[in-house]
Amino acid sequence: MIFLFLLVTDFVVLSQSLRVGAYTDASGVFVRKDMPVSAQTHNYTGGPVPTRDNIFVLWCGKRPDTHVSHQLQHLLKGISFFQPQSPVYFITERKILSASLEKKLTAFPNVHPVFWSSSFLDGTPVEGIQPEEPNWVEFSDVVRVVVLWRWGGTYIDADDLMVGPLIRDLNVLPILEWPGMETISWKNATLPLVDGRHKHNPSLNPEWNFQAQADPMVNFEPGNPFLWAWMQKMAENRSSRDWGQIIPTEIIRARPKEFARHIHLVPQHYLLIHPAFARFFKGQGPLFPPYDLRLANLPMYDTPITRDEFMSVWEEIGRAEYSSFLVKNSGMRGWKSKGALLDFPSWVAHTDPSELKR
């Protein structure tokens, strides 16, 4: 069970209009950066136009409790401030969405509830795969890849908080870098990492090997071949623990040149401040400096800092090539620590977005 921000639309309309390869230009050359926002009019009655401008959300399984309801509202508040032009599609189930919560969510501009249907998977390699209710955590990996392939746009886990506008790069897939490592242990398995030389990004260290992540997936264009390959591997491997990170890592490792022009690899912490991976959280991580090449003196985010210290760092990050636009609200109850900043994500959630605008 998880929140996802996802693009979604009428299946029949879009399945007839979508064509693989629609994101290449006339010469077939893939463009990664500085593409203008689509000027197409979004037709909500017939389904939104497939475009990278859309943002998606999913919550299925259990009825949202108070924490989940508040998290959704905080997230949508940030999106409406930083991405006012983006249509937002909230995939859920009729049986778990109360009228009061629906009213609160749709009070934000451009938010549209869409009720889950297995027909979203029709015509894809994962057609027929079903969620193991009530656990949509793993199945969400299937949904995010399908909707981004079919309709394009951005997926954001809904336990994230938006603190800045999306980056402009296309087809952004986040990665975790592991200096000095060739393999890591992942969910009781050994995961070979991808050779760092395959990042195809001159600003990233080629000596640091990496693995793929799935949050956030940003500005994907419909019909992306990498997402199709991802679905094919999901269909071959029904072990859901492999879907979200092991499978895309293996695809890139096995076929790096084939997919280099279809995905733009960016370190996850350039996009998302993720305190859940701090070292004092059961030894996970780290995600943050000193593995951050943007700034020489960026402090460790797995150590407590004050609000003023954070705001100072936030200003500096804003001048970097990639500026984090999300904060993970782990457990949807905030990040608890022993330092002066006791609950950083909840502080962000209750902060007016204008205070975070750089």
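Buried here means under 20% relative accessible area, exposed means over 50%, and partly exposed lies in between, computed with a 1.4 Å probe on protein chains only. The model is predicted, with local features needing pLDDT of at least 70 and side-chain atom pairs counting only at pLDDT 80 or more, while totals for chains, interfaces and linings use all residues. Residues are numbered from 1 along each chain as its sequence is written, and side-chain values use heavy atoms, with hydrogens and water left out.

The protein has 358 residues, of which 58% count as buried. It holds ten helices and 14 strands, where helices (H or I, at least four residues) and strands (E, at least two) are DSSP runs numbered from the N terminus. Contact means heavy atoms within 4.5 Å; among contacts between residues at least 6 apart in sequence, 77% join residues at least 24 apart.

Asn-171 has a positive phi of about 50° although it is not a glycine. This residue sits in the loop between E6 and strand E7 (172–179), and Asn-171 counts as buried because its relative accessibility is 0%. Asn-219, also not a glycine, has a positive phi of about 55°. Asn-219 belongs to strand E11, and its relative accessibility of 3% is why it counts as buried. The loop between strand E10 (208–212) and strand E11 (217–220) contains Pro-216, and the peptide bond that joins Asp-215 to Pro-216 is cis, with omega about -5°.

The strands on either side of these features can be followed through their pairing. Strands of a sheet pair through backbone hydrogen bonds, either parallel or antiparallel. Two strands are taken as paired if DSSP finds at least two bridges between them. E7 and E10 pair in the antiparallel sense over five bridges, and Trp-178 stands opposite Asn-209 in E10. Five of the five residues of E10 are buried, so this strand is largely enclosed by the rest of the structure. Trp-208, Phe-210 and Ala-212 point one way from E10, whereas Asn-209 and Gln-211 point the other way, and all are buried.

Strand E5 (residues 153–157) is likewise largely enclosed by the rest of the structure, because five of its five residues are buried. E5 pairs with E11 in the antiparallel sense over two bridges, with Tyr-155 opposite Met-217 in E11. Strand E2 (residues 55–59) also pairs with E5, in the parallel sense and over two bridges; here Thr-154 in E5 is the bridge partner of Ile-55.

An open sheet of three strands is also present, with mixed pairing and the order E6-E14-E13. Strand E6 (160–162) and strand E13 (272–273) stand at its edges, each with a single partner strand, so one side of each is left without a neighbour in the sheet. E6 is joined by three bridges to strand E14 (residues 326–328), and the two run antiparallel. Leu-326 in E14 is the bridge partner of Met-162.

Turning to the helices, H2 and helix H3 (residues 99–106) pack at an angle of about 15°, with their axes 10 Å apart. Axes are lines fitted to C-alpha atoms, for helices over the stretch in contact, and angles run from 0 to 180 degrees between N-to-C directions. H2 and H3 are therefore roughly parallel to each other, a label given to angles under 35 degrees, with those over 145 roughly antiparallel, 65 to 115 roughly perpendicular and the rest oblique. Their crossing is right-handed, which applies if the near helix is turned clockwise from the far one by less than a right angle, and left-handed if anticlockwise. In this packing, Ser-69, Leu-72, Gln-73 and Leu-76 of H2 meet Leu-101, Lys-104 and Leu-105 of H3.

Leu-75 lies in helix H2 (residues 66–82) and counts as buried because its relative accessibility is 0%. Leu-75 and Asp-159 are 84 residues apart in sequence, yet 7.9 Å apart in space, C-alpha to C-alpha.

Finally, Ser-140 is found in helix H4 (residues 139–151), and at 0% relative accessibility it counts as buried. A polar atom of the Ser-140 side chain lies 2.6 Å from the backbone oxygen of Val-137.

Note on methods:
A polar contact is a pair of N or O atoms within 3.5 Å; within protein, one must be able to donate a hydrogen and the other to accept it, and residues adjacent in sequence count only if both atoms are side-chain atoms.
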